[in-house]
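These are my notebook entries on one structure.

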Amino acid sequence: MSNRIIIKPGREKSLLRRHPWIFSGAIAKIVGKPTLGETVDVYSDKGEWLAVAAYSPSSQIRARVWSFTRGRHINADFFIDRIQTAHRLREREVCPYTNAYRVVAGESDGLPGVTIDRYDDVLVVQLLSAGAATWEEAIYDALAELFPDCAVYERSDVDVRSKEGLAKATGPRRGRSDIAPIVIDEYGVKLAVDVRSGHKTGYYLDQRDARKKVQQYAKGKTVLNCFSYTGGFGLYAALAGAHRVINVDVSEDALEMARFNESLNPIREGVIEYLKADVFEQLRRFVDEGETFDVIVLDPPKFVDSKQSLNRACRGYKDINRLAASLLNPGGILMTFSCSGLLSSELFQKVVADGCLDAKVDLKIIDRTQQAPDHPVGIHYPEGWYLKGLVLKR
């Protein structure tokens, strides 16, 4: 008899709705002795087969579903098929206007814990689950077969690996090993990406459409780009004809890359300024100095790591939105974002509204943004919908 998981009575409902996670509290019994990342069958307490999953004894998510189809073997062909299917979607949706996009978005593409981003001829992989790590060689072989002209580089260097009982891992896995910063093309905008040490897999591909949207509001305007990282929003604004752009980030390395990105694009000298500062502190200084702006972009890193940190994160989001609202000229635009999956769209809107209330500034929502289409959300996996954005006008 194969290793298997037996689900408690009534706790199979999420699986019947095809949600890919099985939490430890839903498990009645484990038959056999499955090891870290091993493939197991999942059954109801009545003996009904439910799914095939990867076992993770260290995690609260005790198993992640590979397939809800009985008889589906988890092997090299499985990974080739799933990656190929995911890539076909991107070929239709995003390849016509960029050479940098998400190839695989984890659970939403039927590959729990697997993130694969393409930057021109380099594929950057994050394997964040025990099952993904167990099958890493099959995943790398699949990528080498499907993308023979691409190098494969691993960036599994995030803390969440420890929850799966895994150590961090980075480095070249297939193809060439000398991975220099890569210049990508996004709607005609040139951006250099350091896949070895940049945030996430090197860049925030999920914000591609929001970066382009800022161009609707930037011509002839003063633009404040907060948490600017390597300057993406600022580049788009400058190329659209902004009068003045200020990129603010706490990292000098990020600002240095932003300066290099400016040099790659036809931007008038002196339009973009760079300010190394803590954004919270700098926004307060601008308020004290009476500085104002026509367009403000707030694109902070994730503030919420767990449910325990949600209240603290809401205070942070409220604070920066309060300060930004205070700095906005009449008729100005605030583009504000959250990439914290545990913060719902409704709660994010409420927090922003509370910030505006404290600032005594009346803003109106004129648009909403979300993650780009190469970051799809599985209909049975709402956790994949993590990026929220509001465009507000004073």
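I use buried for under 20% relative accessible area, exposed for over 50% and partly exposed for what is in between, with a 1.4 Å probe and protein chains only. The model is predicted, so I note its limits here: local features need pLDDT of at least 70, side-chain atom pairs count only at pLDDT 80 or more, and totals for chains, interfaces and linings use all residues. Residues are numbered from 1 along each chain as its sequence is written, and side-chain values use heavy atoms, with hydrogens and water left out.

Lys 200 is not a glycine, yet its phi is positive, about 55°. I place Lys 200 in the loop between strand S13 (189–193) and helix H6 (208–213). Helices (H or I, at least four residues) and strands (E, at least two) are DSSP runs, numbered from the N terminus.

**Cavity.** Lys 200 also turns up in the lining of the largest cavity. I searched the whole structure and found 1 cavity of 30 Å³ or more. The largest cavity holds about 30 Å³ of space. The search uses a 1 Å grid over the protein atoms alone: a cavity is a set of points where a 1.4 Å probe fits but cannot get out, a pocket is an open set with protein on both sides within 12 Å along at least five of seven lines, and lining residues have an atom within 4 Å of a point. Grid points are joined across faces, edges and corners, and a volume is the space filled by probe spheres set on the points.

Besides Lys 200, the lining of the largest cavity includes Arg 102, Asp 117, Tyr 203, Tyr 204, Leu 205, Asp 206, His 375 and Tyr 386. By class I have 4 nonpolar, 1 polar and 4 charged residues there. Ala, Val, Leu, Ile, Met, Phe, Trp, Tyr, Cys and Pro count as nonpolar, Asp, Glu, Lys and Arg as charged, and the others, Gly among them, as polar.

**Tyr 229.** Is Tyr 229 buried or exposed? Tyr 229 is buried, with a relative accessible area of 10%. Its phi is positive, about 50°, although Tyr 229 is not a glycine. The residue sits in the loop between strand S14 (222–226) and helix H8 (232–239).

**Ile 179.** I found Ile 179 in the loop between strand S11 (169–174) and strand S12 (182–186). Its relative accessibility is 1%, so Ile 179 counts as buried. Val 195 is 16 residues from Ile 179 in sequence and 7.8 Å away in space, C-alpha to C-alpha.

**Second largest pocket.** I have its volume as about 300 Å³. It is lined by 17 residues, and the closest to its centre are Arg 18, Phe 68, Glu 107, Gly 110 and His 380. The lining splits into 7 nonpolar, 6 polar and 4 charged residues. Which strand gives the most to this lining? Strand S6 (residues 61–67) does, with 3 residues.

**S6.** I count strands as paired if DSSP finds at least two bridges between them. Strand S2 (residues 21–23) pairs with S6 in the antiparallel sense over 3 bridges, and Ile 22 stands opposite Ala 63 in S6. Strand S5 (residues 49–55) is also antiparallel to S6, over 4 bridges, with Val 52 opposite Ser 67. S5 and S6 form a hairpin with 5 residues between them.

**S9.** In strand S9 (residues 122–127), 6 of 6 residues are buried. Side chains in a regular strand alternate between the two faces of the sheet. Val 122, Val 124 and Gln 126 are buried on one side of S9, and Leu 123, Val 125 and Leu 127 on the other.

Strand S8 (residues 114–119) pairs with S9 in the antiparallel sense over 6 bridges; Tyr 119 has Val 122 as its bridge partner. The hairpin of S8 and S9 has 2 residues between the strands, and Asp 120 there takes a positive phi near 55°. S9 runs parallel to strand S10 (residues 151–156), joined by 4 bridges.
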